[in-house]
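Hi,

Here is the structure I promised to pass on. Have a look at it first, and then read on for what I found.

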Amino acid sequence: MKITRRNTVRALASGVAMTMLLGANLAYSADETIKIGYAVAKTGPNATGAGITTIPNYELWVKDVNAAGGLTLPDGSKRKIEIIEYDDRSSNEDLVRAIERLATKDKVDLILPPWGTGSNLAIAPLMDRFGYPQLGVTAVTDKAPEFAARWKRSYWMLGGGHDYAEGLADVLKAAMADGKINDKVAMVSVADGFGIDLVSGARPAFKDAGLEVVYDKTYPLGTSDFAALMAEAQASGADSFVAFSYPPDSFGMTKTAQSMGYNPKVFYVGVGGAFPIYGKIADGKEDGVMSIGGVNAASPAIKDYFARHTDSAGAPPDSWASAITYASLEMLAQSVERVGLDHAKLAEELSTGTFSTIIGEVKLENNQLRDLWWVGQWQNGTFVAVNPSDKDGAVAPVVPKPNW
């Protein structure tokens with residue numbers, strides 16, 4: 001049986017849109033399926049990130065699992081996945097109401113996480129109260145150790161801001177030691193949790209690396225005109241431009257830099273830089289641009305995943321959190337196979353188990369994924385990982401970046 005019918009209804013009580021994926025003959029009983037719910041941004045400012053990193057991977061995973069007969073339970077039986085999906089409309093209020101509905105009204109077996117740091121933090125207390133494991137796969141936060149200790153069934157899979165900042169500092173320090181760039185950095189950051197975490201980690205990391213931040217400005221969330229910021233950064237004399245930015249900002253800064261002929265030797269943007277659409281945004285001149293994250297582009301498992309994702313979604317995944325998102329779902333499936341659907345047992349297995357995934361063998365450390373890529377770069381049309389430089393699959397960075 002395939003999931004082939006999609007009914008959309010208006011959930012008046014929660015004020016969000018809901019989609020239910022049901023079996024073709026609508027004859028499933030409660031013990032014939034595993035009901036999984038999630039609320040994620042299909043509209044609003046978070047929709048770009050969710051539409052590239054989260055939703056396609058959820059859909060691919062459900063497709064893969066159901067094509068194989070369903071999730072395997074400890075007794076060897078298989079049960080198809082039934083999905084209940086809400087649009088949180090990029091609103092944490094709508095998101096919270098949707099999670100409450102999934103837990104109390106829909107009574108789903110499992111809840112998958114939303115996209116974004118703020119969204120995952122908004123629902124963490126609820127997920128803990130209702131007892132569901134929370135795979136915070138798109139949340140970057142330096143407080144991950146604290147949150148993992150507070151909410152015992154939460155898992156933080158994307159590292160902290162200081163991790164990415166220190167990785168970038170390592171790359172810039174090496175380039176400076178090789179005489180490829182000067183010691184000056186122009187830095188901008190979005191005035192939101194993500195940007196604050198990253199810039200707070202970057203300031204001391206750059207100082208320790210012998211780099212001087214000669215321009216350091218924050219900008220409000222939702223900013224669309226970056227001309228003044230970019231002009232000031234260009235006039236700063238820094239060889240390195242660093243933006244801890246969200247997708248619309250990363251895209252806007254790229255277009256602005258191109259239009260004004262701003263060609264720093266290092267051009268680094270935040271979320272969105274590793275998205276497959278970045279090459280189009282950069283008018284085919286993305287080579288040399290650095291960004292957050294990366295993948296081992298030479299890995300056979302990653303190559304296969306990219307091909308399957310492209311076939312399913314009509315576009316490749318991003319080269320940062322997409323693969324980790326899919327890997328987290330593989331971890332969930334393997335945990336269900338080992339211990340079943342009991343939330344306490346699932347949480348224990350996720351905390352202590354070892355899992356075979358597309359990003360390699362995964363074992364969490366204090367409910368955190370720590371074996372991650374911190375810096376990547378576009379090279380010959382592919383976004384590759386460059387830091388940590390000693391990690392298997394790392395590629396040497398290209399500095400200076402070619403002119404636009």
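This is a predicted model: local features need pLDDT of at least 70, side-chain atom pairs count only at pLDDT 80 or more; totals for chains, interfaces and linings use all residues.

The crossing of the two is right-handed. On the helix 11 side, the contact is made by Met-331, Leu-332, Ser-335, Val-336, Arg-338 and Val-339. Helix 12 brings in Lys-345, Leu-346, Glu-349 and Leu-350. Sorted by class, that contact has six nonpolar residues, three charged ones and one polar one.

While you are at helix 11, take a look at Ser-328, which is also found there. Is this serine buried or exposed? Ser-328 has a relative accessibility of 3%, and the cut-off for buried is under 20%, so it counts as buried. Setting aside neighbours within four places in sequence, Ser-328 is in contact with Leu-135, Val-137 and Met-157.

The other residue I'd point you to is Tyr-246. You'll find Tyr-246 in the loop between strand 11 (240–244) and helix 8 (247–260). Which residues does Tyr-246 touch, leaving aside its neighbours within four places in sequence? The contacts are Val-190, Asp-192, Phe-194, Tyr-219, Leu-221 and Val-271. Val-190 is 56 residues away from Tyr-246 along the chain, yet their C-alpha atoms are separated by 7.4 Å.

Stepping back to the whole protein, the secondary structure comes to twelve helices and 17 strands. The radius of gyration is 21 Å, close to the 22 Å that the globule rule gives for 404 residues, so the protein is as compact as a globular protein of that length. Along the principal axes, the C-alpha trace spans about 65 × 40 × 40 Å. Of the 404 residues, 56% count as buried. As for contacts with a separation of 6 or more, 66% of them come from residues 24 or more positions apart.

Cheers

Technical notes:
Residues are numbered from 1 along each chain as its sequence is written. Side-chain values use heavy atoms; hydrogens and water are left out. A crossing is left-handed if the near helix is turned anticlockwise from the far one by less than a right angle, and right-handed if clockwise. Helices (H or I, at least four residues) and strands (E, at least two) are DSSP runs, numbered from the N terminus. Contact means heavy atoms within 4.5 Å. Ala, Val, Leu, Ile, Met, Phe, Trp, Tyr, Cys and Pro count as nonpolar, Asp, Glu, Lys and Arg as charged, and the others, Gly among them, as polar. The radius of gyration is taken over C-alpha atoms; the globule rule is 2.2 Å times the number of residues to the power 0.38. Buried means under 20% relative accessible area, exposed over 50%, partly exposed in between (1.4 Å probe, protein chains only).
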